[in-house]
Amino acid sequence: MIGVCYLDPSPVEDTFRLLKIPWEWYDPAHTYDVVIARKGGVDAAGAFLVDLSEKDYFAEIARILNEGLPHCHEPVVDILIDELRQILKEHTLLVEIPPVPWGHPYIVALTHDVDITSARERRWVSVGYAVYQCLRKGMVKDAAQILGAKCGVGKDPWNCFEEWMQLEEELGVRSTWFFLPEEGKAGESAPAIRAGYYDLNPGLIKTLTDGGWEVGVHGLDNWRDAGAAREELLRVSGLTGAEAGTRVHWLLFNKDTWKILDEAGYAYDSTIGYNDDVGFRAGTMQPYRPRGCRRLLEVPLITQDGGLFGGKTWNSSDDGGRGTCLRLSEEEAIRRCEEVLAYAKKYGGVVTLLWHQVSMAAPKRWGGFYRMLVERAVEDGAWVVPAREAAHWFTARSDVVLQTKRVPGGIRIQMSGIGPDLPRPEMMIRIHTDAVNIGKIKGDYIEGAGYIDLRFSSQEILVNVNESTSD
Ligand SMILES: [Zn+2]
């Protein structure tokens, strides 16, 4: 058993929502294998002490989750959690619910922000700029098509919904669409260029939701104003009849945003990411509950088209001013994406992708790269879903209370805090010991190097363990 002594409960709870293991607040009447505390703060008796005065894991993890980091290229929170995991498993028989479902190597959440739905709706200045970019790249036909569409002639090349739906249908996946809630509105104190020029289209939204796609709010002022947060949510959920998550347009955010979104009733947020980079602004790929939120989950944004390939951004990760994106070649972008996938396979969590609606069209043409990434994920057997499904799964995992008890000949693992319907795909239970130490197991399991994974198919599992190696 693991006992924890720490003055402020929040950082400890933040940490153990990500590292799902049995633990309890230190009670001097109990005996422990491991005590996590400051040296001298408790009488650890015969237990191993993880001395927080040397390294305060809880403070560090909670600070990064709740404040974020600029240009963070490794999942530093997931790495800290793994460091703690490695220490714990040396000194106790560690049982864990990993941040990845049974049967999948990692999770990918697919999302699209809808800033633009046609060339026709755009101002001449942005159409002109796109035409200029097409001509510079030798895309003469595309330039003509965009100009034609602006004048009301021919198919509008910037309305790519059909192509996206077809692409995802072919790959057998679905995604989330974040729509701007109001036409012609830049948002309070934002430059005029932030405005979108389309109305919410009930027919399109119905087509998407009937087809299994998710529709959410691409927030304009919901990040800074409680009234706007409720109104923007209502505009979208009024059409879908479902709960909605949000990603704020331009990724605008401040220290009150999570609380405002939570109180307005958003199911999740997916704004914590970079416009001008790829990486881990929250230090983790795990959806998590930000400080002070009752229900809202943050599904961190990891990789977006604009960050990889874009030119300039209006909201840089450095100071929120104008900044430069990575401007990678396709080869460099593949390498960056492979780094992210490798982290996801190692630490779990969700690789949240953002490809903008219009980016499939000229002059950007970034849809092929998206197809390649999703094809790769599908081939790998990843669980590829809209953001809401990933958020739901992590909420269920977070709600589980995992308890272990030594019984003659083994341990009893109990899961409570979840309803009778276990989430799909199922969670798994990882027992950090060599398979040779484990006796007969009822149910499905697989053996890994130094652990075995059991399919979480009932609320109680009895496992026989060779006691001599269990501590
Ligand atoms: Zn946007």
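Me: Why does Ser189 count as exposed?

Reply: Ser189 has 7 C-beta neighbours inside 10 Å, and the label follows from the cut-offs, because a residue is exposed if 12 or fewer other C-beta atoms lie within 10 Å of its own, buried if there are 20 or more, and partly exposed in between, with C-beta atoms placed from the backbone. This is a predicted model, in which local features need pLDDT of at least 70 and side-chain atom pairs count only at pLDDT 80 or more, while totals for chains, interfaces and linings use all residues. Residues are numbered from 1 along each chain as its sequence is written. Ser189 is found in the loop between strand 7 and helix 7 (202-210), where helices are DSSP runs of H or I with at least four residues and strands are runs of E with at least two, numbered from the N terminus.

Me: What else is noted about the backbone of Ser189, and what makes Arg365 partly exposed?

Reply: The phi of Ser189 is near 55°, a positive value in a residue other than glycine. Arg365 also has a phi near 55°, and it too is a residue other than glycine; its place is in the loop between strand 15 and helix 12. Arg365 has 15 C-beta neighbours inside 10 Å, so it counts as partly exposed.

Me: How do you know whether Gly349 is buried or exposed, and which residues is Gly349 in contact with?

Reply: Gly349 has 28 other C-beta atoms within 10 Å, so it is buried, although its place is in the loop between helix 11 (330-347) and strand 15 (350-354). Leaving aside neighbours within four places in sequence, Gly349 is in contact (C-beta atoms, placed from the backbone, within 7 Å) with Asp78, Pro99, Thr284, Met285, Gln286 and Ala344.

Me: Why is helix 1 called roughly perpendicular to helix 2?

Reply: The axes of helix 1 (residues 9-18) and helix 2 (residues 57-67) come within 8 Å and cross at roughly 75°. That angle makes the two helices roughly perpendicular, because 65 to 115 degrees carries that name, while under 35 is roughly parallel, over 145 roughly antiparallel and the rest oblique. The axes are lines fitted to C-alpha atoms, for helices over the stretch in contact, and angles run from 0 to 180 degrees between N-to-C directions. Helix 1 makes the contact with Ser10, Pro11, Val12, Asp14 and Thr15, and helix 2 makes it with residues including Tyr57, Phe58, Ile61 and Leu65.

Me: What makes helix 9 largely enclosed?

Reply: In helix 9 (residues 257-264), 6 of the 8 residues are buried, so the helix is largely enclosed by the rest of the structure. The buried residues are Thr257, Trp258, Ile260, Leu261, Asp262 and Ala264, and what covers them includes helix 8 (226-240), strand 9 (246-248) and strand 10 (268-269). Just after helix 9, Gly265 takes a positive phi of about 100°.

Me: Why do strand 5 and strand 20 stand at the edges of their sheet?

Reply: The open sheet has 4 strands in the order 5-19-21-20, with antiparallel pairing. Strand 5 (95-96) and strand 20 (445-448) each have a single partner strand, so one side of each is left without a neighbour in the sheet. Strand 5 pairs with strand 19 (residues 428-431) over 2 bridges, and Val95 stands opposite Ile431.

Key. Contact = placed C-beta atoms within 7 Å. Pairing = 2+ DSSP bridges.
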